[in-house]
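Biologist: Can you walk me through this model? Start with the sheet, please.

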Amino acid sequence: MQTAEAGAGWQEDIFRILKAQGAKHIVYVPDAGHSTAIAMAEADSEIHSVVLTTEEEGVGYLAGAWLGGERGAMQLQSSGVGNCLNTLSLQVCGRFPLLMVVTMRGDWAEFNPWQNPMGAGDGKSARPDGRDDMAGRRARGRRSLTQRRGDHGVQRRFRLRTDSGTALDRRKAMVRSALDRREAVSRLLTGRQDLLVVTGLGSASYDVMAVGDHDNNYYLWGAMGSAAMVGLGLARARPNHSVLVITGDGEMLMGLGALATIALQEPANLTIAVLDNGHFGETGMQRSHTSQGIDLDRVAATCGFGWTREIRDIEGVDELRTRIVTREGVKFATIKIKADNPLRVLPPRDSVAIKNRFSASLGLATI
Ligand SMILES: Cc1ncc(C[n+]2csc(CCOP(=O)(O)OP(=O)(O)O)c2C)c(N)n1
């Protein structure tokens, strides 16, 4: 009895402190240790509480909320810190604050040995600047170079096997009915006014930059799979703005769980537009799942997005543009584009400056 009360007590304290410090967003993958605080967040109408499918979604979400001028925290267990590693580049490179309240597993008397690797490693994992262990990193770098060389051989053999008959026909049909990516993005952003735009890494960012740099653009250069969640956090923090995420099929596929998370939140002001060339264009045009039977708009529809479309013509892009500004429900579109690689138009790489510019344009103080 005494133990249970003590447990609930610290959780209540954590929730109260977070709220007192102005946290508006509590995002979590449940851990038993956080259950009281999660229940308090769920019951509090002033808090956006967001259940995630995986912890890295929380990293993107909280960066988005911060871009929109609001604070939050993630509650997770130590194994979830491991899930976040790559996305932490968002915090490091954009210098977004990130508060994670981590319940430790893999500590003294842990009964599940599978909790031990992350329990023992969390201190280092949460430091993606990785200032220690340089020798280990160099060794790992050599190994991954060998693996990369090996992988390319595998890809070539795989491509030869799959490029036969019907698959090839399907690809040709797709190319015939596909849009020019630069034209599609340019049309989508025409007359954008106060639209807030988040771009996934690589080609989608180059397309948006090719239209013209803008104070209300936030470009991701990494944290692959995070764009939709940054969009969600931003949309929740800025309900009176329309928020548009523009990303690639590969980037969206890496964060597919986000579609489930976003559908539950139903942000009426958020639209996700996936530029779908059926390939990982940036890395050498390897085929992605979307040219092999996976339809992202149908995944979004199944998750519960109220409006979804597969767009194959410029009229469809025009319709999407008019819908984005309505803020009448969460929307998802795949825009089928040609699998080509137009000249790269690189956005600025100083992600802190871009963040501060974005905040300033919303009238927010920058730090
Ligand atoms: C975690 C991670 N894995 C792999 C990569 C390498 N990578 C960079 S861009 C990219 C493909 C992006 O494909 P897509 O989003 O479809 O954009 P496209 O260039 O095809 O428009 C990949 C796999 C990465 N940056 N991060």
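**The sheet and its neighbours**

Modeller: An open sheet has 6 strands in the order β6-β5-β7-β8-β12-β11, with parallel pairing. Strands are DSSP runs of E of at least two residues, helices runs of H or I of at least four, both numbered from the N terminus. Two strands pair if DSSP finds at least two bridges between them.

Biologist: Which are the edge strands?

Modeller: β6 (217-219) and β11 (307-311); each pairs on one side only.

Biologist: How reliable is this, and how do you number?

Modeller: It is a predicted model: local features need pLDDT of at least 70, side-chain atom pairs count only at pLDDT 80 or more, and totals for chains, interfaces and linings use all residues. Residues are numbered from 1 along each chain as its sequence is written.

Biologist: How many bridges join β5 and β6?

Modeller: β5 (residues 196-199) pairs with β6 over 3 bridges, in the parallel sense. Val 198 stands opposite Tyr 218 in β6.

Biologist: New topic. Which residues of α2 are buried?

Modeller: In α2 (residues 35-43), Ala 37, Ile 38, Met 40 and Ala 41 are buried. Buried means 20 or more other C-beta atoms within 10 Å of the residue's own, exposed 12 or fewer, with C-beta atoms placed from the backbone.

Biologist: Why do they line one face?

Modeller: Seen down the axis of α2, they fall within an arc of 160 degrees, so they line one face of the helix. The arc is taken over directions from the helix axis to the C-beta atoms.

Biologist: What is exposed on the face turned away?

Modeller: Glu 42 and Ala 43.
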